[in-house]
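My notes follow, in the order I looked things up.

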Amino acid sequence: MATGDQDAAAAFVRRHQARVYGLALTVVQQPALAEDVAQDTFVKAWRHAATYDPRRGSASTWLLSITRNAAIDAIRYRHDDPMDPDLLVALLTVRDEGDTSDDTDTNLALRQALAELPSEMAAPIVLMTYFGLTAREIAARDDVPAGTVKTRVRRGLQRLRERMGVRDA
């Protein structure tokens, strides 16, 4: 395979495809994404076949290491349903007294409490919890100092705790 032999590459793929796909599926938990990871793994193995050193381990160990790393990268960079942060904030903070969805009482109470917060407090909380943004990233996005974002989040979370009846430990 390292010399560009297509028959050798095809045999290599047939020999290892089940294990590669199985490991990818175990890590990513989605069949379509696991197929992408498996394909990416074999492309990387083909491109870097010349770097394989049999003294460091078997070919299957080398290949499964590539698979594991590719699967972790796929999870890290996956965005199933990208959504505009402002739209998510709006959806989560809408007050709807007649909501008959399957939300649990706690989820509904939390959404209502979040809706009662001023938007400058609710928005950074949502951006941090749902999008994983840092205070610095939110500050740059909203053109405010990072300290202001931190204060808004701290005060907003304090109000949510009070509204939800959560006592500080």
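My burial terms first: buried means under 20% relative accessible area, exposed means over 50%, and partly exposed is in between (1.4 Å probe, protein chains only). This is a predicted model, where local features need pLDDT of at least 70 and side-chain atom pairs count only at pLDDT 80 or more, while totals for chains, interfaces and linings use all residues. Residues are numbered from 1 along each chain as its sequence is written, and side-chain values use heavy atoms, with hydrogens and water left out.

**Entry: salt bridges**

I searched the whole structure and got four salt bridges (a side-chain nitrogen of Lys or Arg within 4 Å of a carboxyl oxygen of Asp or Glu). One of them joins lysine 44 to aspartate 40, with the closest N and O atoms 3.3 Å apart. These two are four residues apart in helix H2, so about one helical turn separates them. Lysine 44 is partly exposed at 29%, and aspartate 40 is partly exposed at 31%.

I also noted arginine 55 with aspartate 53, closest N and O atoms 3.0 Å apart. Arginine 55 is exposed at 76%, whereas aspartate 53 is partly exposed at 22%. Another bridge links aspartate 142 and arginine 141 at 2.9 Å, N to O.

**Entry: overall fold**

How many helices and strands does the chain have? I get eight helices and zero strands; these are DSSP runs numbered from the N terminus (helices H or I, at least four residues; strands E, at least two). Of the 169 residues, 26% count as buried. The accessible surface comes to about 11600 Å², with 50% of it belonging to carbon and sulfur atoms (Shrake-Rupley method, 1.4 Å probe; for residues, only the protein chains shown count as cover).

**Entry: aromatic pairs**

I counted two aromatic pairs. The rule takes rings of Phe, Tyr and Trp (its six-membered ring) with centres within 6.5 Å; planes under 30 degrees apart are stacked, over 60 edge-to-face, and the rest tilted. Phenylalanine 12 and phenylalanine 42 sit edge-to-face, 6.4 Å centre to centre with 85 degrees between the planes. Phenylalanine 12 is in helix H1 (residues 6-28) and phenylalanine 42 in helix H2 (residues 31-47), so this pair ties together parts 30 residues apart in sequence. Both phenylalanine 12 and phenylalanine 42 are buried.

The other pair is tyrosine 52 with tryptophan 62, tilted, at 5.3 Å and 50 degrees. Tyrosine 52 is in the loop between H2 and helix H3 (59-77) and tryptophan 62 is in H3, so that pair ties together parts 10 residues apart.

I then checked histidine 16, which is in helix H1 and buried at 10%. Leaving aside neighbours within four places in sequence, histidine 16 contacts Phe42, Ser60 and Leu63 (contact: heavy atoms within 4.5 Å).

**Entry: cores**

A nonpolar core is a set of buried Ala, Val, Leu, Ile, Met, Phe, Trp, Tyr and Cys residues joined through side-chain atoms within 4.5 Å. The largest has 14 residues, and Leu114, Leu117, Ile125, Val149 and Leu160 have the most contacts inside it. Helices H5, H6, H7 and H8 each supply at least two residues, and H6 gives the most, with five. A second, separate core of eight residues includes Ala34, Val37, Ala70 and Ala74.

**Entry: confidence**

The chain averages a pLDDT of 82 (the predictor's confidence in each residue, from 0 to 100).
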